[in-house]
Amino acid sequence: YLESLSPRSTIHVTLSNGVENICDETIPAGSCPATLYIGALDSEQTYQLVLTNQFGDRLEGFVFSNI
């Protein structure tokens, strides 16, 4: 799950496998914590996770699925 302690910040979440977006959701300000269902991830696959807000802040990382 994703939790924001700021009630004034909207968070946009993108999870991509490099070809297509697996998850592309916006969590409105004040509605966190929120749970995003992303479905089954392919084993041995690397995904890119990007979080942005309306102020232009960005957090980017990679997720490796070893299920």
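Is arginine 58 buried or exposed? Arginine 58 is exposed, with a relative accessible area of 54%. Here buried means under 20% relative accessible area, exposed means over 50%, and partly exposed lies in between, with a 1.4 Å probe and protein chains only.

This is a predicted model, in which local features need pLDDT of at least 70 and side-chain atom pairs count only at pLDDT 80 or more, while totals for chains, interfaces and linings use all residues. Residues are numbered from 1 along each chain as its sequence is written, and side-chain values use heavy atoms, with hydrogens and water left out.

**The chain as a whole**

The protein has zero helices and four strands, and from the N terminus on its elements run β-β-β-β. Both kinds of element are DSSP runs numbered from the N terminus: helices are H or I with at least four residues, and strands are E with at least two. The C-alpha trace spans about 35 × 20 × 15 Å along its principal axes.

Of the 67 residues in the protein, 21% are buried. The accessible surface comes to about 4700 Å², and carbon and sulfur atoms account for 52% of this surface. Such areas come from the Shrake-Rupley method with a 1.4 Å probe, and for residues only the protein chains shown count as cover. Contact means heavy atoms within 4.5 Å. Among contacts between residues at least 6 apart in sequence, 39% join residues at least 24 apart.

**The sheet**

The four strands form an open sheet in the order β2-β1-β3-β4, and the pairing is antiparallel. Two strands pair if DSSP finds at least two bridges between them. Because β2 (21-27) and β4 (58-65) stand at the edges with a single partner strand each, one side of each has no neighbour in the sheet. From one strand to the next the twist averages 15°. Axes for such angles are lines fitted to C-alpha atoms, for helices over the stretch in contact, and the angles run from 0 to 180 degrees between N-to-C directions.

Strand β3 (residues 45-53) and β4 run antiparallel and are joined by eight bridges. Threonine 46 stands opposite phenylalanine 64 in β4, and threonine 52 has arginine 58 in β4 as its bridge partner. Between the two strands of this hairpin there are four residues, and glycine 56 takes a positive phi near 90°.

Another positive phi belongs to glutamate 44, near 65°, in a residue other than glycine. Glutamate 44 is in the loop between β2 and β3.

**The salt bridge**

A salt bridge is a side-chain nitrogen of Lys or Arg within 4 Å of a carboxyl oxygen of Asp or Glu. By this rule the count is one. The side chains of arginine 58 and glutamate 60 form a salt bridge, at 3.0 Å from N to O.

**Residues and their surroundings**

The table gives the relative accessible area of several residues.

| Residue | Relative accessible area | Class |
|---|---|---|
| Serine 65 | 4% | buried |
| Serine 9 | 9% | buried |
| Valine 63 | 31% | partly exposed |
| Glutamate 60 | 43% | partly exposed |
| Glutamate 44 | 54% | exposed |

Serine 9 lies in the segment before β1 (11-16). Leaving aside neighbours within four places in sequence, serine 9 is in contact with Ser4, Ala29, Asn53, Gln54 and Phe55. Serine 9 and glycine 30 are 21 residues apart along the chain, and their C-alpha atoms are separated by 7.5 Å.

Valine 63 and serine 65 each have a place in strand β4. In a regular strand the side chains alternate between the two faces of the sheet. Beyond neighbours within four places in sequence, valine 63 is in contact with Gln45, Thr46, Tyr47 and Leu49. Valine 63 and leucine 49 are 14 residues apart in sequence, and 6.9 Å apart from C-alpha to C-alpha. Serine 65 touches Leu41, Asp42, Ser43, Glu44, Gln45 and Tyr47, not counting residues up to four places away in sequence.
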